[in-house]
Amino acid sequence: MPKIKTNRAAAKRFKKTGTGKFVFRKSHASHILTKKTRKRKRSLRLSQIIDKSNERELRLLLPNG
């Protein structure tokens, strides 16, 4: 059997935590920040945990963690 390849696009966007959950950074935080409120920019700094419904799909994209 051939090896299972990791989806490189997903590997750049998602990271596995120690407990096996997936974390990601929010989008829209890199430019055109002048029109965004302080509160919105502050919340964009935080990383988020992937929802349970999308976890199975992500496990298939990142088989090696």
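I looked up burial first: 14% of the 65 residues of the protein chain count as buried (under 20% relative accessible area; exposed is over 50%, partly exposed in between, with a 1.4 Å probe and protein chains only). This is a predicted model, in which local features need pLDDT of at least 70 and side-chain atom pairs count only at pLDDT 80 or more, while totals for chains, interfaces and linings use all residues. Residues are numbered from 1 along each chain as its sequence is written, and side-chain values use heavy atoms, with hydrogens and water left out.

Surface. I noted that the protein chain exposes about 5,900 Å², 53% of it from carbon and sulfur atoms (Shrake-Rupley method, 1.4 Å probe; for residues, only the protein chains shown count as cover).

Dimensions. Along the principal axes, the C-alpha atoms fill a box of roughly 50 × 20 × 20 Å.

Elements. I found three helices and three strands, in the sequence pattern α-β-β-α-β-α (DSSP runs numbered from the N terminus: helices H or I, at least four residues; strands E, at least two).

Contacts. Of those between residues at least 6 apart in sequence, 57% join residues at least 24 apart (contact means heavy atoms within 4.5 Å).

Loop between β2 (22–25) and α2 (38–45). I located H28 here; its phi is near 70°, positive in a residue other than glycine, and H28 is exposed at 58% relative accessible area. I32 is also in the loop between β2 and α2. I32 is not a glycine, yet has a positive phi of about 55°; at 47% relative accessibility, I32 counts as partly exposed.
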